[in-house]
Amino acid sequence: MDDIATRCIEIIAKSKNIPADTINLDTTFEQLNIDSLDKINISFEVEEAFDINIPDEALGSLKNVGDVVNGVRQLVANKPPKVATS
């Protein structure tokens with residue numbers, strides 16, 4: 001499991017107050033009792049952790065942890081490089 005997956009799982013586990021080792025990429029939001037408000041809160045945490053913006057319309061299509069991880073991977077890969085300021 002890569003760093004993105006590990007960090008996403010840690011964020012989800014923390015938000016639901018459950019051990020991270022009980023979550024894997026195939027774990028569904030239904031299994032975790034994650035509702036729409038939880039998705040919003042988790043998305044804020046993920047956005048902050050990875051310095052990305054998750055489109056609101058993408059939240060509805062997320063069904064499991066793997067969906068979150070794959071979405072974050074795409075957003076991180078497409079993130080423009082930071083310009084150094086002096």
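These legends describe close-up views of a predicted model. Local features need pLDDT of at least 70 and side-chain atom pairs 80 or more, while totals for chains, interfaces and linings use all residues. Residues are numbered from 1 along each chain as its sequence is written, and side-chain values use heavy atoms, without hydrogens and water.

**View 1. Helix H1 and its ends.** H1 spans 3–16; helices are DSSP runs (H or I, at least four residues), numbered from the N terminus. H1 has 14 residues and reaches 20 Å from first to last C-alpha. Asp 2 caps the N-terminal end of H1. A side-chain oxygen of Asp 2 lies 3.3 Å from the backbone nitrogen of Ile 4. Asn 17 follows H1, with a positive phi near 55°.

**View 2. The buried residues of H1.** Ile 4, Ala 5, Cys 8, Ile 9, Ile 11, Ile 12 and Ala 13 are buried (under 20% relative accessible area, 1.4 Å probe, protein chains only). Their cover includes H2 and H4.

**View 3. H1 against H4.** The axes, lines fitted to C-alpha atoms over the stretch in contact, come within 9 Å and cross at roughly 130°. Angles run from 0 to 180 degrees between N-to-C directions. H1 contributes Ile 4, Ala 5, Cys 8, Ile 9 and Ile 12 to the contact (heavy atoms within 4.5 Å). From H4 come Val 65, Val 68, Val 69, Val 72, Arg 73 and Val 76.

**View 4. Thr 27 in its loop.** Thr 27 sits between H1 and H2 (36–50). Thr 27 counts as buried because its relative accessibility is 7%. Its side chain reaches the backbone nitrogen of Asn 24 at 2.9 Å. Beyond neighbours within four places in sequence, Thr 27 contacts Thr 22, Leu 32, Asn 64 and Val 65.

Definitions and conventions
Helices (H or I, at least four residues) and strands (E, at least two) are DSSP runs, numbered from the N terminus. Buried means under 20% relative accessible area, exposed over 50%, partly exposed in between (1.4 Å probe, protein chains only). A polar contact is a pair of N or O atoms within 3.5 Å; within protein, one must be able to donate a hydrogen and the other to accept it, and residues adjacent in sequence count only if both atoms are side-chain atoms. The expected span of a helix is 1.5 Å times one less than its number of residues.
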